[in-house]
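Please open the structure in a viewer and keep the sequence at hand.

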Amino acid sequence: MSKNNSFSATTASRYSLALYELADENNSIDEVEKQSISFLKLIDESKDFSSLIKDPTNSVYELKDVINKITENYKINSLLSKFLRFLISKRRFFYVKTILQDFVETCSKKRGEVKAELISSKELSGDQVNKIKDELSKNFNAKIKLHYKYDKGLIGGLVMQVGSIMVNTSIKNKLQQIENTMIEA
């Protein structure tokens with residue numbers, strides 16, 4: 001099974017890089033990236049569409065028909081549309097979510113952005129999140145692509161990860177450390 005997982009990750013990386021290079025040649029990286037993000041959102045929000053992608057019994061013709069309707073209705077870039085049909089014809093459409101996520105990350109890396117995640121116990125306003133993002137950009141001397149999430153399960157504090165650096169000041173984490181200390185004693 002692990003052999004299969006590494007194969008899919010390698011395959012996804014190759015396909016996403018090919019999509020990036022084609023979009024770069026066509027000067028359409030921004031458009032393809034935005035539409036890829038929208039396509040990923042569709043996969044996440046539609047259980048039917050997600051099931052359709054994961055179902056190996058669907059024929060190439062059925063999948064192409066669905067993709068043709070989606071690309072026509074939402075005026076998807078012709079390069080992305082051809083790419084999606086190509087994945088279907090090569091029976092790699094099962095990996096479309098992984099491929100498009102990797103493509104979006106590649107776009108971000110090429111722009112020099114550093115990926116960061118912020119989870120807080122208190123809901124933050126857009127202004128507060130932007131201030132944190134700006135401060136991180138200054139501290140890390142890089143463009144920060146911040147993903148913010150509110151989690152009331154943290155009780156208090158926040159968890160932040162920038163690249164490989166993680167800071168966990170949540171009360172939940174501190175309680176877990178105390179519990180671990182008590183178990184060891």
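A residue is called buried here if its relative accessible area is under 20%, exposed if over 50%, and partly exposed in between (1.4 Å probe, protein chains only). The model is a predicted one: local features need pLDDT of at least 70, side-chain atom pairs count only at pLDDT 80 or more, and totals for chains, interfaces and linings use all residues. Residues are numbered from 1 along each chain as its sequence is written, and side-chain values use heavy atoms, with hydrogens and water left out.

**Aromatic pairs**

Rings of Phe, Tyr and Trp (its six-membered ring) pair if their centres lie within 6.5 Å; planes under 30 degrees apart count as stacked, over 60 as edge-to-face and the rest as tilted. The structure holds four such pairs. Helices (H or I, at least four residues) and strands (E, at least two) are DSSP runs, numbered from the N terminus. Tyr20 also counts as buried, at 12% relative accessibility. Next, select Phe94 and Tyr95, an edge-to-face pair with 5.6 Å between centres and 85° between planes.

**Helices H2 and H3**

Move to helix H2 (residues 29–45), whose buried residues include Val32, Ser36, Phe39 and Ile43. Then show helix H3 (residues 47–54): the axes of H2 and H3 come within 5 Å and cross at roughly 100°. Axes are lines fitted to C-alpha atoms, for helices over the stretch in contact, and angles run from 0 to 180 degrees between N-to-C directions. Contact means heavy atoms within 4.5 Å. On this basis Phe39, Leu42, Ile43 and Glu45 in H2 meet Lys47, Phe49, Ser50 and Ile53 in H3.

**The sheet**

Finally, display the strands; two strands pair if DSSP finds at least two bridges between them. Four strands form an open sheet of mixed pairing, in the order S2-S1-S3-S4. Strand S2 (143–150) and S4 are the edge strands, each pairing on one side only. Strand S1 (residues 113–120) runs parallel to S2, joined by eight bridges; select Val114 and its bridge partner in S2, Ile144. Strands S3 (residues 158–162) and S4 (residues 165–168) run antiparallel, with four bridges, and Met160 has Val167 as its bridge partner in S4.
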